[in-house]
Amino acid sequence: MRIGELAERAGTTVRALRYYETRGLLPARRDGNGHRRYDERDLVLLTQIRTLRDFGFELEETRPFVECLRAGHPEGDACPASQAVYRRKLDELDGLIGKLVAVRETVAGELRRAEEARAGLAAEAVVPGGPEPVCELGGRKAYECHQRS
């Protein structure tokens, strides 16, 4: 098949295919007229690349999977090098999850603090059940709240 058909079947662009070719991830076979030619194996390579990219893998991280497929394995993750990339990605994701959990805890703590401060201001209202405290910006710091008169 030609480059346009491969791009369409793989759900990508001709430009992406040319880029993958320059990076050595996609073979550069040409017919007698100089046109790029591809086959079903190339579609499998592209499917592997796109799947990994959709999972957040960098393009270079797909290389061991592509090489595993080129070596004749039915799956790109059957080789030790591919599995090592999986392990590194899992470590990276675990680190990101840890950071997100810490940020979430910080935000939750700030929300609790803000809710307690708001409740305290409401309790100090001149008229019980009256207007809520208003925080104005514009010349004042956000934490300098006052009662609406």
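Which helix does Gln 48 lie in? Gln 48 lies in helix H3. Please keep in mind that this is a predicted model.

Is Gln 48 buried or exposed? Gln 48 is buried, because its relative accessible area is 15%, and the cut-off for buried is under 20%. What does Gln 48 touch, leaving aside its neighbours within four places in sequence? The partners are Phe 65, Leu 69, Gly 76 and Asp 77.

Now the overall layout. The protein has 5 helices and 2 strands. From the N terminus on, the order is α-α-α-α-α-β-β. There are 149 residues, and 28% of them are buried. Take the contacts between residues at least 6 apart in sequence: 40% of those join residues at least 24 apart.

How far can we trust the coordinates? The mean pLDDT of the protein is 87. A score of at least 70 is reached by 83% of the residues. Among the elements, helix H4, residues 63-70, has the highest mean, at 97. Strand E2, residues 145-147, has the lowest, at 47. Then look at residues 139-143. Their pLDDT stays under 50. For that stretch the model has 4 contacts beyond four places in sequence. Where pLDDT is low, the predicted coordinates should not be read in detail.

Helix H1 covers residues 3-10, and helix H2 covers residues 14-22. They pack at an angle of about 105 degrees, with their axes 9 Å apart. So H1 is roughly perpendicular to H2. On the H1 side, the contact is made by Ile 3, Gly 4, Leu 6 and Ala 7. On the H2 side, Val 14, Leu 17 and Arg 18 take part. By type, the contact residues are 5 nonpolar, 1 polar and 1 charged.

Next, the loop between H1 and H2, where Thr 12 lies. Why does Thr 12 count as buried? Because its relative accessibility is 17%, and buried means under 20%. Leaving aside neighbours within four places in sequence, Thr 12 is in contact with Ala 7, Leu 17 and Arg 50.

Now the largest nonpolar core. This core has 18 residues. Leu 6, Leu 17, Tyr 20, Leu 26 and Leu 46 touch the most other members. H1, H2, H3 (40-54) and H4 each supply at least two residues of the core. In soluble globular proteins, nonpolar side chains tend to be buried together.

Zoom in on Leu 26. Not counting residues up to four places away in sequence, Leu 26 touches Leu 6, Leu 17, Tyr 20, Glu 21, Tyr 38, Asp 42, Leu 46 and Arg 70. That list includes charged residues, Glu 21, Asp 42 and Arg 70 among them.

Last stop, H4. How many of the 8 residues of H4 are buried? The count is 6, so H4 is largely enclosed by the rest of the structure. The buried ones are Arg 63, Pro 64, Phe 65, Val 66, Cys 68 and Leu 69. They pack against H3 and helix H5, residues 80-123. After H4 comes Gly 72, with a positive phi near 105 degrees.

That's the tour. Over to you for discussion.

Conventions
Residues numbered from 1 in each chain as written. Predicted model: local features only at pLDDT ≥ 70, side-chain atom pairs only at ≥ 80, totals over all residues. Heavy atoms only, no water. pLDDT = per-residue confidence, 0-100. Helix = DSSP H or I, 4+ residues; strand = E, 2+ residues; numbered from the N terminus. Contact = heavy atoms within 4.5 Å. Axes fitted to C-alpha atoms, helices over the stretch in contact; angles between N-to-C directions. Parallel < 35°, antiparallel > 145°, perpendicular 65-115°, else oblique. Core = buried A, V, L, I, M, F, W, Y, C linked by side-chain atoms within 4.5 Å. Buried < 20%, exposed > 50% of the residue type's maximum accessible area, 1.4 Å probe, protein only.
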